[in-house]
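Try each task before you read its solution.

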Amino acid sequence: MKAVILCYHKVGIESEEGRWLNCSPENLMSHANFFVRRNFNYFLPKDFAHSITSERNSKRVCFTFDDAYVSAVQNAPPVLESVGFRGCFYAVPSLVGMSSLWDGERARPLATWAELLRIQSAGHEVGNHTFTHPKMSQLDYDEQLREWQLANEMLRDNGIEVQSGCFPYGDWCHDTLKSLRNSGIPVGLQLGKRPVGDEPTVCLPRVIVSFSDRVPKLIYKIWVRPKLRRKQ
Ligand SMILES: [Zn+2]
């Protein structure tokens, strides 16, 4: 299987969300259309738990949105659904309905439980982005396990069927993978600047999409840059 996992954050117009960690809805639409033209199907992170790697010739793209910002939860689903795709939104349960305090002065509103349930019922996945959004590698094993477990509990108490996890800042260590697995979650997402290869499912690589990434830049980031790196 040829699989690409993309990592987005906010999805809004520049005058409202700026450029930092943002992708405009129009740009997201052009990305989705590109994959449709190339005969890619979408898949969700939770699908990796049921090993779709046997589908040798299929091409899959996975759209993920870290932090479950209001802008992403409101603007990305209509874009993806218009081409028959769905995405995954990673929520930080202790701050749902509040704002991304870890962003400091650039904090933006985070989706409410009602909004998360609404997109889940439309077929999107909502995942675990830890309870408080820490740098996981700076915590010991027990603290990391607690981050995953508390988040799982609060997500489930609020009706979310959590089946995958995503590391804040893409930061992880061996204990992050072990604690994620031991919290009962078989799929984890890091950042890795390359398509999915033969990594374990608890540490799948994603390509970060930035504000100015139109389709040619996206092609470069997904397929050209990893090859250039290998040659170095
Ligand atoms: Zn995050």
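**Exercise 1.** In which loop is Asn39 found? Then decide: is Asn39 buried or exposed?

*Solution.* This is a predicted model. Start with the location. Asn39 is in the loop between α2 (25-37) and β4 (41-42). Next, take the neighbour count. Asn39 has 8 other C-beta atoms within 10 Å. A residue is exposed if that count is 12 or fewer. Therefore Asn39 is exposed. Finally, check the backbone. Phi of Asn39 is near 60°, a positive value in a residue other than glycine. Most residues other than glycine have a negative phi.

**Exercise 2.** Classify Ala68 and Asp66: is Ala68 buried or exposed, and is Asp66 buried or exposed?

*Solution.* Ala68 lies in the loop between β5 and α3 (70-81). Its phi is near 55°, which is positive. Ala68 has 26 C-beta neighbours inside 10 Å. The cut-off for buried is 20 or more. So Ala68 counts as buried. Now turn to Asp66, in strand β5 (residues 59-66). Asp66 has 29 C-beta neighbours inside 10 Å, so Asp66 is buried too. Beyond four places in sequence, the contacts of Asp66 are Cys7, His9, Tyr90, His129 and Cys166.

**Exercise 3.** At what angle do helix α5 and helix α6 pack? Name the orientation.

*Solution.* Helix α5 (residues 141-157) and helix α6 (residues 174-182) pack at about 45°. Their axes are 9 Å apart. That angle makes α5 oblique to α6. The crossing is right-handed. From α5, the contact residues are Tyr141, Gln144, Leu145 and Trp148. Those of α6 include Asp175 and Leu180. By type, the contact has 4 nonpolar, 4 polar and 2 charged residues.

How values were computed:
Residues numbered from 1 in each chain as written. Predicted model: local features only at pLDDT ≥ 70, side-chain atom pairs only at ≥ 80, totals over all residues. Axes fitted to C-alpha atoms, helices over the stretch in contact; angles between N-to-C directions. Helix = DSSP H or I, 4+ residues; strand = E, 2+ residues; numbered from the N terminus. Parallel < 35°, antiparallel > 145°, perpendicular 65-115°, else oblique. Left-handed = near helix turned anticlockwise from the far one by under 90°. Contact = placed C-beta atoms within 7 Å. Nonpolar A, V, L, I, M, F, W, Y, C, P; charged D, E, K, R; others polar.
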